[in-house]
Amino acid sequence: MDEEQEALVVKSWGSMKKDAGEWGLKFFLKIFEIAPSAKKMFPFLKDSNVPLDQNPKLKVHAKSVLVMTCEAAVQLRKAGKVVVRDSTLKKIGATHFKYGVADEHFEVTKYALLETIKEASPEMWSVDMKNAWGEAYDQLVSAIKTEMK
């Protein structure tokens, strides 16, 4: 990730950060819209009758995933690698492995993330921003896959 890409990621995350809960939920709703079967991968959704957009456990999970993803992206160039506490990365990898997350799931998630950022930052959105976030996401996924055991 070069300086220009870093600046785009930092600027767009800065504009979204204060509403991370709202954007995190929109991000996950996009995932489930594209791949409804993905809901089965979340134990807290399996037997829930609460509408997704009102589910308190989904709201907490969605916000934490978005914040972790975006904070890791913001630090990528400076650190030269994905920065998430090792214990957290190991836990994320193990959880993704346990629930059978595959490449196509990561692709759906990437698309949903990019669409969410585009919706959150329409005046900033560009091909360069899409590429910057795509690069950051790909590096995070690579780090997660390394821990999927």
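These notebook entries record what I looked up in a predicted model.

**Ground rules**

I number residues from 1 along each chain as its sequence is written, and I use heavy atoms for side-chain values, with hydrogens and water left out. As the model is predicted, I require pLDDT of at least 70 for local features and count side-chain atom pairs only at pLDDT 80 or more, while totals for chains, interfaces and linings use all residues.

**Entry 1: aromatic pairs**

I searched for ring pairs with the rule that rings of Phe, Tyr and Trp (its six-membered ring) pair if their centres lie within 6.5 Å; planes under 30 degrees apart count as stacked, over 60 as edge-to-face and the rest as tilted. The count by this rule is five aromatic pairs. I examined Phe32 and Phe42, which pair edge-to-face, with 5.6 Å from centre to centre and 80 degrees between the planes. I placed Phe32 in helix H2 (residues 20-34) and Phe42 in the loop between H2 and helix H3 (43-46), so this pair ties together parts that are 10 residues apart in sequence. My helices are DSSP runs (H or I, at least four residues), numbered from the N terminus.

**Entry 2: salt bridges**

I took a salt bridge as a side-chain nitrogen of Lys or Arg within 4 Å of a carboxyl oxygen of Asp or Glu. How many salt bridges does a search of the whole structure find? I recorded eight.

I looked up Glu71 and Lys17, whose side chains meet in a salt bridge at 3.0 Å, N to O. Glu71 belongs to helix H4 (residues 56-79) and Lys17 to the loop between H1 and H2, so that distant parts of the chain, 54 residues apart, are linked by the pair. I noted Glu71 as partly exposed because its relative accessible area is 22%; Lys17 counts as partly exposed at 44% relative accessibility.

I next looked up Asp103 and Lys145, which form a salt bridge whose closest N and O atoms are 2.6 Å apart. The pair links distant parts of the chain, with Asp103 in helix H6 (residues 103-120) and Lys145 in helix H7 (residues 127-146), 42 residues apart. I noted Asp103 as partly exposed, with a relative accessible area of 47%, and Lys145 as partly exposed, with 35%.

The side chains of Asp138 and Lys110 also meet in a salt bridge, at 2.9 Å, N to O. I placed Asp138 in helix H7 and Lys110 in helix H6, so the pair ties together parts that are 28 residues apart in sequence. Asp138 counts as partly exposed at 35% relative accessibility, whereas Lys110 counts as buried because its relative accessibility is 18%.

Which residues are linked in a network of salt bridges? I listed Glu22, Lys26, Lys30 and Glu119.

**Entry 3: a charged patch**

I found that Asp2, Glu3, Glu4 and Asp128 form a negative surface patch. I placed Glu3 in helix H1 (residues 3-16) and noted Glu3 as exposed because its relative accessibility is 57%.

**Entry 4: single residues and C-alpha separations**

I looked up Leu29, which is found in helix H2 and is partly exposed, with a relative accessible area of 28%. The C-alpha atoms of Leu29 and His61 are separated by 12 Å, the residues being 32 apart along the chain.

I located Leu45 in helix H3 and noted Leu45 as buried because its relative accessible area is 9%. From C-alpha to C-alpha, Leu45 and Glu33 are 15 Å apart in space and 12 residues apart in sequence.

Where does Ser121 lie? I found Ser121 in the loop between H6 and H7, and Ser121 is buried, with a relative accessible area of 0%. Ser121 and Asn49 are 32 Å apart in space, C-alpha to C-alpha, and 72 residues apart in sequence.

Technical notes. Patches are made of residues with over 30% relative accessible area and no salt bridge: like charges are joined within 9 Å, nonpolar side chains (Val, Leu, Ile, Met, Phe, Trp, Tyr) within 5 Å. Accessible areas come from the Shrake-Rupley method with a 1.4 Å probe; for residues, only the protein chains shown count as cover. Lys and Arg count as positive and Asp and Glu as negative; His and the chain ends are not counted. The place of a charge is taken as NZ of Lys, CZ of Arg, CG of Asp or CD of Glu. Helices (H or I, at least four residues) and strands (E, at least two) are DSSP runs, numbered from the N terminus. Buried means under 20% relative accessible area, exposed over 50%, partly exposed in between (1.4 Å probe, protein chains only).
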